[in-house]
Amino acid sequence: DFSKPVLGIETSCDETGVALLRWQPDAPGRGLLAHVLYSQIKLHADYGGVVPELASRDHVRKLLPLVREALAQAGLAPADLGGVAYTAGPGLVGALLVGAAAGRALAWALGVPAIGVHHMEGHLLAPLLEDDPPAPPFVALLVSGGHSMLVEVKGIGRYRILGDTLDDAAGEAFDKTAKLMGLPYPGGPALAKLAEQGRPGAFHFSRPMTDRPGLDFSFSGLKTQVLLAWQQSDQSGQTRADVARAFEEAIVDTLVIKCRRALEATGARRLVIAGGVGANRRLRAELAAAGGREGFRTYFPRLAFCTDNGAMIALAGAIRLAHGQHQDERIQVFPRWDL
Ligand code: KG4
Ligand code: ZN
């Protein structure tokens, strides 16, 4: 019964996210009832990156208390649920298995259907959780720690990949660059913050792959450019901020150029930005400005729904369940999984 709330579970990496959503296309927030998140950032900080085994163990500890908390927030009991959606991939296999096993077990005990959701479809649909959501067709820029993609969205479930990264993802480039300049994990947001103090024009890095046609990305060369510039500099605090600024400008410029190209190629007038790097202030400002100049509209999820969260999984799952899709009782996850 899909007038009933769906439980959404996200455990693909280092955030445990849980949400409840009663899918109603015309309701505020598409019927989002509650969402809670536990971030493992502190747990992994000492290691300079996500430790998969520790991530799995922490999901095991946190998941059911978060489900209880979300139900309490929404004033619901487990018996009120109409279905369960969990991230089935891509992501860390052990971390995914925690959400899949718990989600499947809950659904089995309650006698309701369950569905494994593609993490990137969750990111892609996250802007639908906002007021005045974008209607397909639109182009989506998906930029996270694991992906940099341009996708043409013709409808829900009808996706065409326009461009992908040949090496590092945008978020990965942020994180690795931050690390090589000695910033603590997770480097992306820290580097972006530092860039605000950087002086314009102090450094300049190239805009990879913008000098030839196509919509693919490559960011690993940029990281090498930064490494060389940093090693040859005085490595002062101001220099670090200057390098951060030039790096951020190079990435953002590159993303903006490719988004404009994708809109041109598809004829779409709506651009959705999603994934963790979508939280980047410069990226949001530059894309909104380009849209103002060139007549396309930009749609961003709120910051909490740019990075990993349970709400986007509840949404993507609820829509699929409402269309009659679900899977059998096998607990299956897909660490690598094409959209
Ligand atoms: O979507 P997400 O939470 O997880 C993945 O599915 O990967 O994205 C995390 C990524 C990290 O690489 C992080 O450094 C980056 O998003 N990120 C940012 C900012 N906030 C998060 N990168 C640049 N600027 C930000 N403000
Ligand atoms: Zn993500």
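User: Which residues does UniProt list for "binding site"?

Analyst: Keep in mind that this is a predicted model, while the site itself comes from an unreviewed UniProt entry. The listed residues are spread over 190 residues of sequence, yet they cluster in space, with a largest C-alpha distance of 8.8 Å. The record names H119, H123 and D308.

User: Is H119 buried or exposed?

Analyst: H119 sits in helix α4, residues 119-125. Skipping neighbours within four places in sequence, H119 is in contact with S12, T87, G89, P90 and G91. The cut-off for buried is 20 or more other C-beta atoms within 10 Å. H119 has 27 such neighbours inside 10 Å, so H119 counts as buried.

User: And D308, where does that one lie, and which residues does D308 touch?

Analyst: D308 is in the loop between α10 (303-306) and α11 (311-322). D308 is buried, since 27 other C-beta atoms lie within 10 Å. Leaving out residues up to four places away in sequence, D308 touches E10, S12, C13, E15 and G17.

User: What about ligand 1: which residues are closest to it?

Analyst: The shell around ligand 1 holds 19 residues. By type, they split into seven nonpolar, nine polar and three charged. The closest are S144, G145, G171, G188 and G276.

User: Which element gives the largest share of the shell around ligand 1?

Analyst: Two helices each supply at least two residues of that shell: α5 (170-180) and α6 (187-195). The largest share is four residues, and that comes from α5.

User: Why does ligand 1 lie between the domains?

Analyst: The protein is divided into domain 1 (6-126 + 306-322) and domain 2 (135-300). Both of them give residues to the shell around ligand 1, so the ligand lies between domain 1 and domain 2.

User: How many residues does each domain put into the contact?

Analyst: Taken over C-alpha atoms, the centres of domain 1 and domain 2 are separated by 27 Å. The contact takes 13 residues from domain 1 and 17 residues from domain 2.

User: Which elements give two or more residues to the side of domain 1 that touches domain 2?

Analyst: By type, that side of domain 1 has eight nonpolar residues, five polar and no charged. The elements giving two or more residues to it are α1 (41-45) and α4.

User: What is the reach of helix α8 from its first C-alpha to its last?

Analyst: Helix α8 covers residues 237-266, which is 30 residues. At 1.5 Å a residue, the expected reach is 44 Å. Just after α8, G267 takes a positive phi of about 80°. As for the helix, its reach is close to the expected value, at 44 Å.

User: Is D26 buried or exposed?

Analyst: D26 lies in the loop between β2 (15-21) and β3 (32-39). Its C-alpha is separated by 9.8 Å from that of D132, 106 residues apart along the chain. With 6 C-beta neighbours inside 10 Å, D26 counts as exposed.

User: What separation do the C-alpha atoms of R330 and A100 have?

Analyst: R330 is placed in the segment after α11. R330 is exposed, with 8 other C-beta atoms within 10 Å. R330 and A100 are 230 residues apart along the chain, and their C-alpha atoms are separated by 9.6 Å.

Technical notes. Residues numbered from 1 in each chain as written. Chains lettered and ligands numbered in written order. Predicted model: local features only at pLDDT ≥ 70, side-chain atom pairs only at ≥ 80, totals over all residues. Near = placed C-beta within 6 Å. Nonpolar A, V, L, I, M, F, W, Y, C, P; charged D, E, K, R; others polar. Domains from an automatic or database assignment. Expected span 1.5 Å × (residues − 1). UniProt positions renumbered as here; feature names shortened; annotations may be inferred. Buried ≥ 20, exposed ≤ 12 C-beta atoms within 10 Å, placed from the backbone. Contact = placed C-beta atoms within 7 Å.
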